[in-house]
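Me: Hi! Could you walk me through this one with me? I'd like to start with the ligand and then jump to something else.
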Amino acid sequence: MKSQNELGIPIPANKPLIVRTIKQVTKEQREYALKKTEYNVFSFPADLLFVDFLSDSGSGTMTDLQWASLFHGDESYGRNKGYYVLLDAIRDTFERGDNPKRAINLILTGETNVKKLMDELYLTSFEGGFVNGGIHQLIRPNAFIVPQGRCAEHLLFSTIAPILRKNYNSKEFFIPNNGHFDTTEANILANGLNPINLFSSNLLDEFPWDQMDNRNPFKGNMDIKRLEELIQDKGMDAIPLIYITITNNTAAGQPVEMKNIKEVRKIAKKYDIPLFFDACRFAENANFIKEFEEGYQDISIPNIVKEMFSYVDGFTISFKKDGLANIGGGFFFKDNGTFHRKFSVEEDIGIKLKEKQILTFGNDSYGGLSGRDIMALTTGLYEVVQETYLNERKFQVRNFARKLAKNNVPVILPAGGHAVYINIDKFFEGMDSSLDDFRGVGFTIELIRHYGIRAAELGPFAFEWDKKTPEQKKGVLNLVRFALPRNVYGTSHIDYAVAAITELFNNRDKIPKVKISRGAKLRLRHFQTGLQPIYE
Ligand code: F0G
């Protein structure tokens, strides 16, 4: 008889003990709401949907332990309890692998031994990693809590851009990434720097759906050949940072191999360029490495995470991803590392960053978050690296993709870690259609209109194809994404979505082109423009 692990179905990781009733909205009511919200899916009221795949960001279910942690939230303006446990949880998660200290337990268990609290939590000194502690965090700050990922990006790029212009020997600056997310790209552009996507060349290769459990080609990798060409072409001084996004959300949520991280690290070291992670879905990425990269099957997720982060100088992160919390973000860099050395030109870069953090988000110990949020996200950091949870999540995404592929819907395969992506070029193949028609957007409008399901176009509309140079256009894919919030949906939601998507695919000739009726020139326009579907 097969053992529990040999059944080919992951062991259930949890059980929901609270549910929310979905409102029975009619098609006519949705049509009215679409019209009232200018057909922009971001503006459509969530409460009127049956299933919402717009984002996995902050939209997950919190666990009972996270809810319990909320009660320990400390709303003090200076140095709340959560600040200390969060910083220690960052060390635990990204530096300590299988040997976490779990200082949070001192708070959750109501420790009253003052000396112990002082020695182990409040007054411990630390230096040399991603999070200086005690006096070292005051002298050389390197850990910045902010409300979400894009705030960390803003903090980073708005602080380094003037330093670059004043001190670096280049007129233009380029930030290469295996795939910039839209907010990262926008923050780089807003500061006068140039984002470059170096997608893996195998990204759109065919992959058989029945092979998803057996192998993975790590299509999220960075193209290292193009990276080296870029550095040589533009010059070292023109590349202030190299970024790797794990997993690669813009490239269909595909994972990045440890081997690729190491190769990029080697190039970064050779040219003395700081290497950063956009660490948004680090746990999901580690889970793919464990399942598919040679040599990692017997290594724990926390130890894989530790190895991944040993190769980078710093990271920006949104704690809203990986399903780990509803809100939160951060920016961390290695004490006395390459980034610190290269950017501490006039004065310590950490001091500059801290000043901006205080000016824009809040003082360093809460960074614009409530004490409750800090406690919930700290608990989440320990929960997202649990393998039963990660396996079940991965299986759900994979199953969603497999069911669509079996119905001939052109999904990007293998499935990524947090979402299923449909290749819109293939979806409309053979039809008279160009990227300027924004038919991917038309597809998302029809999904809401007919079936009450929301997805996100991540293609020529969101990435502003028509505003780009021919060179930049190469970095734009044409996708529609169905992101799965953590622990929210089950088989019934997935099956409903598969049936609806398949029905629309089979009637794709009826999906309208879409015109921008208001604000085509706006920046980050997918959040704000008005649209008009053209029904023929
Ligand atoms: N980086 C990546 C790879 C992301 O996916 C996101 C957000 C961010 C940065 C910005 O983080 O939202 O906390 O400010 N992605 C969400 C999504 C919004 O739906 O994929 P944030």
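Me: Which helix gives the largest share of the shell around the ligand?
Reply: That's helix α7, residues 149-167, which supplies 3 residues of the shell. Keep in mind that this is a predicted model.

Me: And which residues come nearest to the ligand?
Reply: There are 17 residues around the ligand, and the nearest are Ser-55, Arg-150, Asp-278, Ser-318 and Arg-481.

Me: How does that shell divide into nonpolar, polar and charged?
Reply: You get 8 polar residues, 7 charged ones and 2 nonpolar ones.

Me: OK, what lies 3.0 Å from an oxygen atom of the ligand?
Reply: A polar side-chain atom of Arg-281 does. Lys-321 also has a side-chain N or O atom 3.2 Å from a ligand oxygen. With Gly-149 it is the backbone: one of its N or O atoms sits 2.9 Å from an oxygen of the ligand.

Me: How much of the ligand does the protein bury?
Reply: The protein buries 95% of the 470 Å² that the ligand exposes when taken alone.

Me: Changing topic: where is Asn-423 found?
Reply: Asn-423 belongs to strand β9, which covers residues 419-423.

Me: Is Asn-423 buried or exposed?
Reply: Its relative accessible area is 11%, and the cut-off for buried is under 20%, so Asn-423 counts as buried.

Me: What is Asn-423 in contact with, leaving aside neighbours within four places in sequence?
Reply: Asn-423 touches Leu-204, Pro-410, Ile-412, Asn-478 and Leu-479.

How values were computed. Residues numbered from 1 in each chain as written. Predicted model: local features only at pLDDT ≥ 70, side-chain atom pairs only at ≥ 80, totals over all residues. Heavy atoms only, no water. Near = heavy atom within 4 Å. Polar contact = N/O pair within 3.5 Å; in protein donor to acceptor, adjacent residues only side chain to side chain. Areas by Shrake-Rupley, 256 points an atom, 1.4 Å probe, with all protein chains shown as cover. Helix = DSSP H or I, 4+ residues; strand = E, 2+ residues; numbered from the N terminus. Nonpolar A, V, L, I, M, F, W, Y, C, P; charged D, E, K, R; others polar. Buried < 20%, exposed > 50% of the residue type's maximum accessible area, 1.4 Å probe, protein only. Contact = heavy atoms within 4.5 Å.
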